[in-house]
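Hi everyone, thanks for making time this morning.

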Amino acid sequence: MTFKLATVAVYMLMFFFIIFLCNFLHLLLRPLSQPRVVSECIVGLLIGNLLLRKPSISNAGIRSTLQYIVDGAMVLHMFVVGLEVDPNIFLEIHLLEAKVAYSGVLTTFVMAALLTPLLSIPDGSNVPFNLCLSIVVAGTGSPLLTRLITDLKIGRSDIGRFVVSAGVHTDVMCTLLISIGCVIFDPYSRFMYRSMKSIMKMVCLLFIELILASKLTPLIMNWVNRENPDGKPIKGSHLVLAVAYVFLICSFSPLFADYNKVMSAFLAGVFMPRDGRIAKTIISKVNYFFAAVFFPLFFFWTGSLAQLNNFEGRKLATWGNLFFIFLIATVGKVAGSLLSGVMLGFQWKDSIAAGLLLNIKGHFHVYLAMMASMMGLTNLSTSISMLFSIFLTIIYTPLVVANIIRRARKRSPTQRMALQWLNPSTELGILLCLHDPQNVPSAINFMEISRGPPDPGIVVHLTDMVELTDKIAATLSHGQGSDGVSVTDPEVIEMREQIAEAVDIYMSEHGDGVTVKQMLTLSTLNNMHQDLCILAEDLMVSLIVLPFHKQRDESGRLGMGHSGFRHVNRKIFRHAPCSVGILVDRGLGAAMISRASISIHAAVIFIGGKDDREALAYAGRVACHPGVKLTVIRFLLEATGDSVSSIITIAKANTSEHLEEMKVDDECFADFYDKHVAGGQVSYMEKYLVNSGQTFSTLRSLEGQYGLFIVGRGGRVNSILTVGMNDWEECPELGPIGDILSAPDFSVTASVLIIQQHSLRGELDGLQDEFSIM
């Protein structure tokens with residue numbers, strides 16, 4: 001018993017080591033935009049070859065155990081792949097995506113059927129095997145393609161949605177053809193023709209299985225869903241019953257007709273309804289398990305079979321098989337896409353890119369290649385060549401996407417997007433970002449005070465910032481509408497529903513002059529700034545408003561916060577295509593701002609510089625709200641006396657650059673004064689200061705007087721009033737004034753809005769999120 005426990009402990013340690021290596025290698029390959037499957041494949045092949053290189057009784061036992069695990073997991077994998085497919089896809093043959101998909105399948109299949117016999121892959125002539133191999137070569141790994149397109153940030157573009165949809169059509173068609181082939185030929189007997197009696201028996205049982213899957217399943221699943229409403233955990237007995245029923249359906253034809261269990265699971269998944277809580281739970285849990293646990297183990301199993309010392313690398317024929325299979329698949333897909341693209345009016349570059357992306361193979365294709373070797377249909381060297389060919393179809397994908405993005409950016413126009421330059425007759429566009437429902441009250445009040453004049457009003461794109469973790473990535477599926485993919489993670493769905501419900505209540509009662517559109521930004525924290533910048537440019541907004549990475553706790557103080565979102569905010573400040581604001585919420589959403597009486601006292605601090613001018617431009621909109629009492633506090637430099645320090649201060653302040661900046665500041669402030677202060681709508685105060693020390697003490701004296709401060713992030717030229725403050729900033733991204741007002745020891749009730757004006761020098765190279773190049 002002790003020996004067995006020690007052996008299990010060693011195996012578990014080995015498994016965790018593999019997971020660690022996969023994550024570490026993925027981190028190293030991330031700058032090259034290589035997907036996780038690349039690191040999993042490399043680690044699996046190397047570790048599988050190193051640990052299980054020598055044949056022994058223990059290694060044979062490990063391989064046998066891995067074989068059982070992989071076979072069972074592939075049944076689950078193909079069932080979920082089928083479950084994610086909308087059966088109505090068979091009615092969409094008229095769509096452009098379907099035409100491109102089927103033309104690529106046809107050309108690749110014809111080329112492979114004509115050329116693969118020349119490779120002598122099976123030992124001896126085997127026409128059925130060559131036909132099945134041709135179908136595999138013509139296929140597409142749609143789950144992997146969907147994940148790659150999403151990770152590489154073109155999922156919402158026209159070509160991204162097009163390729164994802166075409167990939168699903170290709171995958172379903174080829175997998176169905178393989179399923180039909182398994183009825184006619186026996187893959188476990190070197191693809192010998194089955195007898196007519198066996199074929200008829202298999203067809204009848206498959207027909208019964210599919211009828212049960214499509215007709216009986218809704219009755220059982222609806223009963224389980226009724227007994228387990230949303231918001232309550234699913235009862236264990238009901239979950240076991242549902243899973244047992246699924247296994248029973250998938251096992252029907254394999255048990256009674258010796259049909260392939262993997263293909264049976266796929267067919268059952270296609271014809272089962274995918275609506276309802278049980279189906280969504282199965283998809284979410286299985287995909288998460290596969291992404292986190294199974295795929296590294298799968299490639300370890302692959303490496304244990306594909307022993308590289310059996311790869312006959314010294315033979316020219318081996319390399320010929322490797323590249324010839326890759327070329328057949330690639331040329332066939334590209335030729336089919338070009339042919340259909342010419343008839344449909346696509347640009348040839350887009351057709352080539354679509355063909356290359358549709359050539360991606362996935363885990364199912366790797367599984368088939370390894371099983372062909374185990375069944376003696378190919379030698380091990382040939383299976384390794386097929387594995388490497390599949391690997392090549394994944395590696396070049398980031399290069400293809402980079403080319404797509406490069407061409408899209410050349411077409412994308414750039415312009416200056418800032419509040420200061422906004423035409424008064426043009427509605428203001430704001431990209432208002434949220435981390436979670438806790439940000440909603442302050443976001444609603446921010447929309448309320450930002451509405452400005454009712455005509456033309458504002459358009460707020462309320463964007464939920466969701467980190468793309470492995471768990472959420474496992475719930476991505478082929479979506480409908482404007483997005484190429486959709487998220488089915490229950491926590492994300494619940495969060496978005498809570499946000500939507502709160503915003504709908506506000507819009508129904510106070511939404512005149514405000515248009516709200518809820519959106520989703522799903523990305524890793526490392527790349528989220530790119531998504532938001534691209535989205536802002538696509539929507540042509542003038543202001544991005546981000547939540548501060550620290551959130552208010554019950555005592556009113558700001559907690560430690562999320563460092564990942566802090567880095568996102570910093571990157572957006574550097575790369576945003578418009579002005580950016582960070583909202584430090586310390587009670588802005590505590591109560592609804594009324595239009596009948598003064599609900600909040602706000603102050604805008606104006607020292608000078610482009611960011612302060614932008615803050616003043618925003619304050620002009622706040623001044624229009626009857627529920628806000630706004631005060632403008634202008635800090636002016638006072639240098640009096642004949643002391644040396646005063647002379648130096650005056651000299652520093654009188655540089656040509658500073659004088660020009662002061663002229664622009666005076667013009668901007670005079671315009672604001674005439675519009676808002678002169679008529680008594682806004683209060684005005686002046687503070688004459690000598691140095692940054694007095695600036696600090698003056699800011700501290702304002703504590704408790706205002707519920708909202710509006711300040712510029714920086715952008716000042718030789719400002720004596722802020723010099724040296726950068727040396728002791730806790731959050732430099734807020735600027736010196738914003739950092740003081742947001743400090744933990746300042747106030748528990750004063751919220752702060754820090755604004756940075758758009759600068760062309762920090763502009764992203766013009767790329768829209770939903771760009772169109774086809």
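This is a predicted model: local features need pLDDT of at least 70, side-chain atom pairs count only at pLDDT 80 or more; totals for chains, interfaces and linings use all residues.

Residues are numbered from 1 along each chain as its sequence is written, and side-chain values use heavy atoms, leaving out hydrogens and water.

The chain has 26 helices and 14 strands; these are DSSP runs, H or I of at least four residues for helices and E of at least two for strands, numbered from the N terminus. Of its 774 residues, 55% are buried, meaning under 20% relative accessible area with a 1.4 Å probe, protein chains only.

Now, Ser-450. You'll find Ser-450 in helix α17, residues 440–450. Is Ser-450 buried or exposed? Buried, because its relative accessibility is 0%. Its side chain reaches the backbone oxygen of Phe-446 at 2.6 Å. Ser-450 also touches Leu-428, Ile-430, Ile-458, Tyr-618 and Arg-621, leaving aside residues up to four places away in sequence; contact here is heavy atoms within 4.5 Å.

Strand β3 covers residues 428–434 and runs parallel to β4, with seven bridges joining them; strands pair if DSSP finds at least two bridges between them. Ile-430 has Val-460 in β4 as its bridge partner. As for β4, residues 458–467, nine of its 10 residues are buried. β4 also pairs with β7, residues 514–523, in the parallel sense over 10 bridges. Thanks, all!

Conventions. Buried means under 20% relative accessible area, exposed over 50%, partly exposed in between (1.4 Å probe, protein chains only). A polar contact is a pair of N or O atoms within 3.5 Å; within protein, one must be able to donate a hydrogen and the other to accept it, and residues adjacent in sequence count only if both atoms are side-chain atoms.
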